[in-house]
Amino acid sequence: MCGSKTRGVMTDYDVDDDELRSELDDFAAPQKQSGRSQKEERIIAGFEEIQRFVELHGRPPQHGENRDIFERLYAVRLDRLRELQECRTVLEPFDHQGLLSAKDAIQDDDVEALDDDRLFAELAEVGTETCDISKLQHVKSSAERQAAEEIACRQKCSDFKKFEPLFRQVQKELDTGVRTTRRFERKSEIEKGRYYIVGGQKAYVAEMDKAVANQHGFLDARLRVIFDNGTESNMLMRSLQKALQQDPAGRRIIEPIAGPLFADRNVDGDDASGTIYVLRSRSDHPLVAQHRDVVHKLGVTGDSVERRIANAKLDPTFLMADVEIVATYDLYNINRTKLEHLLHRVFEPARLDIQIMDRFGNPVVPREWFLVPLFVIDDAVDKIKNGTIGQYIYDPNSAKLMTH
């Protein structure tokens, strides 16, 4: 993954006086019969939208990352109307809510940065149903004009049948621990062929055009993003990136066991979360005795292995016999249950089919014993460390891990 990047941003207050004046001047024309110029009518119309917002919500529009994009734009407009005396003069007779004199504007250092990409990402979400951005017609910053031109509507994916099995497989791998998810952070990147979770839906980047520099000098690219509900969107890479960053539940679905999962020591303050253990049974069961050197129990524990096996001879999970510890591997920052499921999936073809009677005479079928040599288990551990284990499954005939 690439490191974080410094990006140029613009604030809500970059909608400056000259820009607002220019917009209003576009409509300067001879007086209407009402006695007001079109310029004044335009000012009033924009103010009336803010008043409708106040009537609906019971408060003035406010800035803030957690606010709807239209509310934030109304907040910018209201700030400007308050500052421009010519606007105040026109609007004061209509200001029955006292908006022009209100002292609810926040300080400049509290105003969040709002760049084109973030605005576009938010507008894309707002416009999912109808892509109607007509409400933005009264305040036209460069960010809004770009958003109006590039906003990406979701539409039905005509060839979703070829993507549906991919989503099913990813969900299965999430359920079994082959894959997991991590928070989408600022340093995270969008890549073709990767899966993400945004807005509660899994998203697959099926296509990515060649990256080109946008107006701020940052690389961007048009994507074809498929969603697991059968829709797709032709959106910008940085727009998806921003949407993932703003979504509290935004996640990236990592490749099968990507990156180092555990090591022989604690690194960078990681907390140890368990141990993989390999055990050999001392049972006198004929099947175990015949293959003792390759019959191994694979498990993961958050306790000490010694405590885990203390009462092995009373536990059918351990074949009602004492065991010896063959190998252990400490692991860090990993879900123990999912990792155990992963190991058992890899060695499923060699699972030992055996039935043991517990101390009450009830039949039990242990599920964590496998006919597999220790050197193959070591190989599996190495592949977990380098992130490739998801590509392999154990082949009992060749006693090797084979790609599938």
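What percentage of the 404 residues of the chain count as buried? In this predicted model, the share is 46%. The secondary structure consists of twelve helices and 17 strands. Among contacts in the chain with a separation of 6 or more, 66% are between residues 24 or more positions apart.

**Strand β7**

Strand β7 spans residues 223–227 and is mostly covered, with five of its five residues buried. In a regular strand, side chains alternate between the two faces of the sheet. Both faces of β7 are covered: one side carries Leu 223, Val 225 and Phe 227, while the other carries Arg 224 and Ile 226, and all of these are buried.

| Partner strand | Sense | Bridges to β7 | Residue pair |
|---|---|---|---|
| β4 (residues 201–208) | antiparallel | five | Val 205 with Val 225 |
| β8 (residues 231–233) | antiparallel | two | Glu 232 with Ile 226 |

Val 225, the bridge partner of Val 205, belongs to the side of β7 that also holds Leu 223 and Phe 227.

β7 and β8 form a hairpin with three residues between the strands. In this hairpin, Gly 230 adopts a positive phi near 90 degrees.

Definitions and conventions: Residues numbered from 1 in each chain as written. Predicted model: local features only at pLDDT ≥ 70, side-chain atom pairs only at ≥ 80, totals over all residues. Heavy atoms only, no water. Buried < 20%, exposed > 50% of the residue type's maximum accessible area, 1.4 Å probe, protein only. Helix = DSSP H or I, 4+ residues; strand = E, 2+ residues; numbered from the N terminus. Pairing = 2+ DSSP bridges. Contact = heavy atoms within 4.5 Å.
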